[in-house]
Amino acid sequence: MTADVLSARALNRATLARQHLDGRVRMTAVAMVEHLVGMQAQAPWPPYTGLWTRIEGFGHEELGDALTSRRLVRVLLHRGTVHLVSAADCLALRPLVRPVLVRGHRAEVRAAFADAERIARLTREVLDARGPLTPTELGAALAELLPGTPAKVLTDVARTTVALVQVPPRAVWGAGGATRYATAESWLGAERRAAGLPELVRRYLAAFGPATVADIQAWCGLTRLREVTDAMPDLLRLRGEDGAALLDVPEAPRPGPGAPAPVRFLAEFDNVLLSYADRSRIVPEAARPYLFSKNGVIPGTVLVDGVVRAVWRAEKGRVAVTPLRRLTGAERGEVEAEGAALAAFLAGARGEVRVGPVAEQAPAPLTRKRSAPSPRGRR
């Protein structure tokens with residue numbers, strides 16, 4: 001197919017359209033999570049904001065109901081972090097990313113994978129017999145059966161080898177609770193079905209594209225995907241204005257560079273900030289140090305004209321916004337209106353928003369500009 005050139009602004013607008021950040025849509029929470037191929041969720045509450053900013057009329061109870069009815073689950077997945085995914089995707093995607101999870105462990109844990117099959121079998125037996133357990137309880141139970149290996153190491157191997165979902169009331173708004181694990185097979189009542197790599201590529205492009213092979217690999221952690229994409233003749237071959245070779249699915253929206261981009265508040269660790277090798281489509285260079293610092297925490301961010309121009313945090317019923325550059329009067333008004341709506345959603349009452357002064361000097365950025373961060377939270 002012809003190699004059309006996309007300007008940086010057109011690439012940004014395509015990204016916003018894929019992520020439903022160019023306007024809220026009527027869609028169920030389960031359908032949105034499936035479209036996004038999961039939402040990063042090592043902390044329990046950010047997905048609520050991520051869904052609110054994308055779905056018209058979204059309410060807390062919808063996500064809580066989806067978790068308690070087992071249509072959505074939280075499980076270790078892309079990039080070795082906990083993700084909120086549909087039941088079907090948990091069963092289909094987890095086998096694909098298992099090599100990434102193994103690779104991300106420290107040497108002591110990797111050494112214990114020599115006994116991974118036995119640890120996996122015992123993990124299933126323990127959880128089947130005793131029901132959902134906390135990480136500490138699971139580690140202690142395994143250590144009784146496998147003396148000589150630290151309980152924490154056994155838990156890490158178990159979480160990597162076996163798809164362990166975090167069961168409610170964890171992450172249910174208004175309830176919450178400690179992390180407790182059950183096997184995906186027992187919790188969901190189905191066996192795992194590994195998805196194919198071409199299917200994974202197409203779904204990524206539908207939600208994040210147009211993108212390079214390096215972008216796809218940064219999102220999921222898998223490598224050697226060029227061999228897969230080269231064997232997919234149905235993909236569009238495009239080019240960025242910087243010469244980057246971009247892939248896309250033909251049916252996905254690619255609005256022009258003049259498409260409107262409303263102010264949007266993104267949750268902490270939002271995948272649209274973390275799922276590219278080159279994040280410049282949505283993160284200006286000046287904003288990078290405020291987002292990707294050595295502590296691995298990705299703050300809530302504010303998109304103005306489609307790119308990150310501020311960070312935000314919740315403060316006792318109020319949303320506090322720190323601009324990263326001076327906002328125009330019109331931009332400030334839109335930020336205040338959207339921030340007040342978010343504050344009301346989070347606090348369950350009339351929300352307040354405070355837009356502070358422009359941020360002072362940023363923390364030192366990560367040295368590797370295009371590398372994916374290693375967010376904390378293998379919880």
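Predicted model: local features only at pLDDT ≥ 70, side-chain atom pairs only at ≥ 80, totals over all residues.
Residues are numbered from 1 along each chain as its sequence is written, and side-chain values use heavy atoms, with hydrogens and water left out.

Helices (H or I, at least four residues) and strands (E, at least two) are DSSP runs, numbered from the N terminus. In helix α4, which spans residues 60–68, the buried residues are His60, Leu63, Gly64, Ala66 and Leu67; here buried means under 20% relative accessible area, exposed over 50% and partly exposed in between, with a 1.4 Å probe and protein chains only. These residues lie on the same side of α4, because they cover an arc of only 160 degrees around the axis, the arc being that of the directions from the helix axis to the C-beta atoms. The buried residues of α4 pack against α2 (29–35), α3 (46–52), β3 (72–76), β4 (82–86) and α16 (329–347), where contact means heavy atoms within 4.5 Å.

**The pair α5 and α9**

The axes of helix α5 (residues 87–103) and helix α9 (residues 151–161) come within 9 Å and cross at roughly 150 degrees; axes are lines fitted to C-alpha atoms, for helices over the stretch in contact, and angles run from 0 to 180 degrees between N-to-C directions. On the α5 side the contact is made by Arg94, Arg98, Leu101 and Val102, and on the α9 side by Arg159, Thr160 and Thr161. By class, the residues of this contact divide into two nonpolar, two polar and three charged, where Ala, Val, Leu, Ile, Met, Phe, Trp, Tyr, Cys and Pro count as nonpolar, Asp, Glu, Lys and Arg as charged, and the others, Gly among them, as polar.

**The largest cavity**

The structure holds four cavities of 30 Å³ or more. A cavity is a set of points, on a 1 Å grid over the protein atoms alone, where a 1.4 Å probe fits but cannot get out, and lining residues have an atom within 4 Å of a point. About 110 Å³ of space lies in the largest cavity, and of the 16 residues that line it, the closest to its centre are Met39, Gln40, Phe269, Asp270 and Asn271. Two or more lining residues come from each of β2 (39–40), α3 and α14 (271–274), and α3 gives the largest share, three residues. The lining has eight nonpolar, five polar and three charged residues.

Most residues other than glycine have a negative phi, and most peptide bonds are trans. The table lists sites that depart from this pattern.

| Site | Feature | Value |
|---|---|---|
| Arginine 70 | positive phi | about 70 degrees |
| Phenylalanine 269 | positive phi | about 60 degrees |
| Proline 168 and proline 169 | cis peptide bond | omega about 15 degrees |
| Glycine 209 and proline 210 | cis peptide bond | omega about -5 degrees |

Arginine 70 is in the loop between α4 and β3 and is partly exposed, with a relative accessible area of 34%. Phenylalanine 269, in the loop between β9 (264–266) and α14, is buried, with a relative accessible area of 10%. Proline 169 is placed in the loop between β5 (164–166) and β6 (181–183), and proline 210 in the loop between α11 (197–208) and α12 (213–220).

Conventions. 1 Å grid on protein atoms, 1.4 Å probe; cavity = no way out; pocket = protein on both sides within 12 Å on 5 of 7 lines; lining within 4 Å. Points joined across faces, edges and corners; volume = space filled by probe spheres on them.
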